[in-house]
Amino acid sequence: MCGWTFSFFNKNKNKKNMKYEELETKVISWAEDRNILENSDAVKQISKTQEELDETLDALKRLEQGEESILEVADGIGDMLVTIILLAQIVGLESVSCLADAYEEIKDRKGKMVDGLFVKDE
């Protein structure tokens, strides 16, 4: 497991640092306490991720127009991470391992920016 540390704001806006793995464990425990994992499946969970993605996209668009707070965007990103952690758990994976594998795949990738998006070289 990696030792990455993520910062987040709690409701009192105090910064708190926790390792990703600790947060992952807390999210899974939270879901177990609420019977989410035993009463859901991968398709339902990824649908929840899509719902959170759509809400975050809307918040970003409103932020660009000056109608939204960055805290709403942060909330959306956090909600997406929660749903992804739970999806990984449902299918028998650890989200941090998935992230580590993805990083290993992209770390040496070359490409260029096209219309604000990174396009990998073939």
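1. Asp115 is exposed, with a relative accessible area of 80%, where exposed means over 50%, buried under 20% and partly exposed in between, using a 1.4 Å probe and protein chains only. Asp115 sits in the loop between strand S3 (111-114) and strand S4 (117-120), and its phi is near 50°, a positive value in a residue other than glycine. Helices (H or I, at least four residues) and strands (E, at least two) are DSSP runs, numbered from the N terminus.

2. This is a predicted model, in which local features need pLDDT of at least 70 and side-chain atom pairs count only at pLDDT 80 or more, while totals for chains, interfaces and linings use all residues. Residues are numbered from 1 along each chain as its sequence is written, and side-chain values use heavy atoms, with hydrogens and water left out.

3. Asn35 also has a positive phi in a residue other than glycine, near 60°. Asn35 follows H1, in the loop between helix H1 (20-33) and helix H2 (42-64), and is partly exposed, with a relative accessible area of 36%.

4. The buried residues of H1 are Tyr20, Glu21, Glu24, Val27, Ile28 and Ala31. They cover an arc of only 120° around the axis, so they lie on the same side of H1, the arc being that of the directions from the helix axis to the C-beta atoms. Exposed Thr25 and Asp33 are carried on the face of H1 turned away from this buried side.

5. The largest nonpolar core has 8 residues, namely Tyr20, Val27, Ile28, Ala31, Leu37, Ile85, Leu86 and Val96; such a core is a set of buried Ala, Val, Leu, Ile, Met, Phe, Trp, Tyr and Cys residues joined through side-chain atoms within 4.5 Å. H1 and helix H3 (70-90) each supply at least two residues of this core, and the largest share, 4 residues, comes from H1. Leaving aside neighbours within four places in sequence, Val27 is in contact (heavy atoms within 4.5 Å) with Val82, Ile85 and Leu86.

6. Gln45, in helix H2, is buried, with a relative accessible area of 6%. The side chain of Gln45 reaches the backbone oxygen of Thr83 at 3.4 Å. Beyond neighbours within four places in sequence, the residues in contact with Gln45 include Thr83, Leu86 and Ile90.

Conventions. A polar contact is a pair of N or O atoms within 3.5 Å; within protein, one must be able to donate a hydrogen and the other to accept it, and residues adjacent in sequence count only if both atoms are side-chain atoms.
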